[in-house]
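Here are a few notes to go with the model, for anyone opening it for the first time. Keep the view at hand and follow along point by point.

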Amino acid sequence: MEIAQIDNLIIKILDKAKAEKYSNDLQILMNQIPKVEFSKSEILEEKKGERELLGKWSHSLIMFDNEKPVGIIIGYERGSENNEQYPINSIYIGGFSIAHNYQHKGLGKKFLKIFLDFNKKIGLNYLNGDVNFSVQTNSANWNKHVQKLYQSYGFEKISEKQYDNRIDNVYFLKGYI
């Protein structure tokens, strides 16, 4: 089902059938994200450790140029962890990537707005509360353009999360209109 269009690019819900069909393309897209690596099984998983990726196949979006995936935003409902990093329920952006040759054209900003608007409209299906959004992104200076993209929509840094190879900023967007 087409939910939006950016120029001649079509945006659809990324359901499990599409994820399976385009798993090779999605893996390539997701592995453009620096300092992380995604396997096909991770892209298709509905659980990460003990955390269920609630509503993943209704919150995630895929962008096509004809039949070729050129963008992906993986979203799911993430329950509060009662800590400073994830204090409230939210729709979590678990991955966001635009194909290299489609970057620097404003598509990421437009795609993110479509994702936010779409998910604000459908709301939380598994968790209670207001629709809030959360995301983690690398805190390094080379990633300032991504941090600024989220901040341009009102995301605010609330915490940091330490990994072996990087530090991520944790951002929340509350009350998106």
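This is a predicted model: local features need pLDDT of at least 70, side-chain atom pairs count only at pLDDT 80 or more; totals for chains, interfaces and linings use all residues.

1. H5 covers residues 107-122, which makes 16 residues. From its first C-alpha to its last it reaches 22 Å, close to the 22 Å expected at 1.5 Å a residue. Several of its residues are buried, including Leu 107, Phe 111, Leu 112, Phe 115 and Phe 118. Gly 108 and Asn 119 are buried too. If you wonder about the spacing, residues three or four places apart on an α-helix point the same way, because there are 3.6 residues a turn.

2. Positive phi values also turn up away from glycine. Asp 7 has a phi near 55° and sits in the loop between strand E1 (2-6) and strand E2 (9-13). Asn 66 has a phi near 60°, and its place is the loop between strand E5 (61-65) and E6. Asp 7 counts as exposed, at 62% relative accessibility, and Asn 66 is exposed with a relative accessible area of 65%.

3. Next, the salt bridges, of which the structure holds 7. As background, side chains of opposite charge can pair when their charged atoms come close. One to look up is Asp 25 with Lys 68, where the closest N and O atoms are 2.9 Å apart. This pair links distant parts of the chain: Asp 25 belongs to helix H2 (residues 23-30) and Lys 68 to strand E6 (residues 68-78), 43 residues apart. Lys 68 has a relative accessible area of 45%, so it counts as partly exposed.

4. Another of the salt bridges joins Asp 168 and Arg 166, at 3.0 Å from N to O. Is this pair buried or exposed? Both Asp 168 and Arg 166 are buried.

5. Lys 18 deserves a stop of its own. You'll find Lys 18 in helix H1 (residues 16-21), and its salt bridge partner is Asp 15, with the closest N and O atoms 3.1 Å apart. Leaving aside residues up to four places away in sequence, Lys 18 touches Met 1, Lys 12, Ile 13, Ile 62 and Phe 64.

6. Last, have a look at the largest pocket, which holds about 1,300 Å³ of space. How many residues line it? The count is 49, and Ile 33, Phe 96, Thr 137, Val 146 and Tyr 150 lie nearest the centre. The elements that give two or more residues to this lining are helix H3 (40-44), E6, strand E7 (90-98), H5, strand E8 (133-138) and helix H6 (144-152). E7 supplies the largest share, 7 residues. By type, the lining divides into 21 nonpolar, 15 polar and 13 charged residues.

Terms used: Residues are numbered from 1 along each chain as its sequence is written. Side-chain values use heavy atoms; hydrogens and water are left out. A salt bridge is a side-chain nitrogen of Lys or Arg within 4 Å of a carboxyl oxygen of Asp or Glu. Helices (H or I, at least four residues) and strands (E, at least two) are DSSP runs, numbered from the N terminus. Buried means under 20% relative accessible area, exposed over 50%, partly exposed in between (1.4 Å probe, protein chains only). The expected span of a helix is 1.5 Å times one less than its number of residues. On a 1 Å grid over the protein atoms alone, a cavity is a set of points where a 1.4 Å probe fits but cannot get out, and a pocket is an open set with protein on both sides within 12 Å along at least five of seven lines; lining residues have an atom within 4 Å of a point. Grid points are joined across faces, edges and corners, and a volume is the space filled by probe spheres set on the points. Ala, Val, Leu, Ile, Met, Phe, Trp, Tyr, Cys and Pro count as nonpolar, Asp, Glu, Lys and Arg as charged, and the others, Gly among them, as polar. Contact means heavy atoms within 4.5 Å.
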